Amino acid sequence: MKNKKTILTIMVICIILVIIITLIILSIKKDNKPEPNVTPSNRIETAEEKNTREIEELKGMGETSRMQFYVSKYISYLEEGDYESAYNLLYDEFKQNYFKTQEEFTTYVKNKYSDIITLDYEKTERLGPYYVVTLNFKDLINDTKNYTQLFVLKENGFNDFVLSFQAE
């Protein structure tokens, strides 16, 4: 009888110890969980990180792909309504000749480009330090608004470029 009581006491102590250890482990795991806003999958990329990532991508591209990337970046600024960033990509002399202010540029862009378009890169040529990209714009709503526009780019370094375009 005494032996059974000892075994029962040892079992109760073991169960209590297992429960305590389990609670401690769960508490430690709960404290070590990362905050939901800092997990790599949903963390917002900084402008510097984005630029570094883009430079690494650009290093692996050929000239034609890089120039198309730059024109696409410009067009994406226009689509997002970020006219300031698009304006800042323009070559200074081009701005002075065609768009002395950002407001003039914004007005031109809003009148020139349709809201729903597709882009087709026709060709890219290198002329000394400059690249000329021929781009076809197709309006998905109005077929009569389809046109071709030339873009002239100068690449100073990876993701460091200026551009101008055929302004009509």
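# Notes on a predicted helix-and-strand model

1. **A place to begin.** Asparagine 136 has its bridge partner in strand β3, namely threonine 148. The model is a predicted one, in which local features need pLDDT of at least 70 and side-chain atom pairs count only at pLDDT 80 or more, while totals for chains, interfaces and linings use all residues. Residues are numbered from 1 along each chain as its sequence is written, and side-chain values use heavy atoms, with hydrogens and water left out.

2. **The overall plan.** The protein has six helices and four strands. Helices here are DSSP runs of H or I with at least four residues, strands are runs of E with at least two, and both are numbered from the N terminus. Along the sequence the order is α-α-α-α-α-α-β-β-β-β.

3. **Confidence.** The average pLDDT, which is the predictor's confidence in each residue from 0 to 100, is 86 for the protein, and 84% of the residues score at least 70. Where pLDDT is low, the predicted coordinates should not be read in detail.

4. **Surface and contacts.** The accessible surface is about 11,800 Å², and carbon and sulfur atoms account for 56% of this surface. Areas come from the Shrake-Rupley method with a 1.4 Å probe, and for residues only the protein chains shown count as cover. Of the 168 residues, 27% are buried; buried means under 20% relative accessible area, exposed over 50%, and partly exposed in between. Contact means heavy atoms within 4.5 Å. Among contacts with a separation of 6 or more, 44% link residues 24 or more positions apart.

5. Strand β1 (residues 117-127) and strand β2 pair in the antiparallel sense over ten bridges; two strands count as paired if DSSP finds at least two bridges between them. Tyrosine 121 stands opposite leucine 135 in β2. Two residues separate the strands of this hairpin, and in the turn glycine 128 has a positive phi of about 65 degrees.

6. β2 (residues 130-139) is mostly covered, with eight of its ten residues buried. β2 also pairs with β3 (residues 147-157), again antiparallel, over eight bridges.

7. β3 and β4 are antiparallel partners over six bridges, and glycine 157 stands opposite aspartate 160 in β4. This hairpin has two residues between its strands. Asparagine 159 lies in the loop between β3 and β4, and its phi is positive, about 60 degrees, although it is not a glycine. With a relative accessible area of 12%, asparagine 159 is buried.

8. Which residues of α6 (residues 102-112) are buried? They are Phe105, Thr106, Tyr108, Val109 and Lys112. These residues lie on the same side of α6 because they cover an arc of only 165 degrees around the axis, the arc being that of the directions from the helix axis to the C-beta atoms. Glu103, Lys110 and Asn111, on the other side, are exposed. The cover over the buried residues of α6 includes α3 (63-80), α4, β3 and β4 (160-165).

9. Threonine 106 in α6 counts as buried because its relative accessibility is 14%. Glutamate 79 sits in helix α3 and is exposed, with a relative accessible area of 59%. Glutamate 79 and isoleucine 116 are 37 residues apart in sequence and 9.2 Å apart from C-alpha to C-alpha.

10. **The nonpolar core.** A nonpolar core is a set of buried Ala, Val, Leu, Ile, Met, Phe, Trp, Tyr and Cys residues joined through side-chain atoms within 4.5 Å. The largest one has 31 residues, and those touching the most other members are Tyr74, Leu78, Leu90, Phe105, Phe151, Leu153 and Phe165. Two or more residues each come from α3, α4, α6, β2, β3 and β4. Helix α3 gives the largest share of this core, eight residues. Leaving aside neighbours within four places in sequence, the contacts of leucine 153 include Met67, Tyr70, Val71, Tyr131, Val133 and Phe161.

Terms used. Buried < 20%, exposed > 50% of the residue type's maximum accessible area, 1.4 Å probe, protein only.
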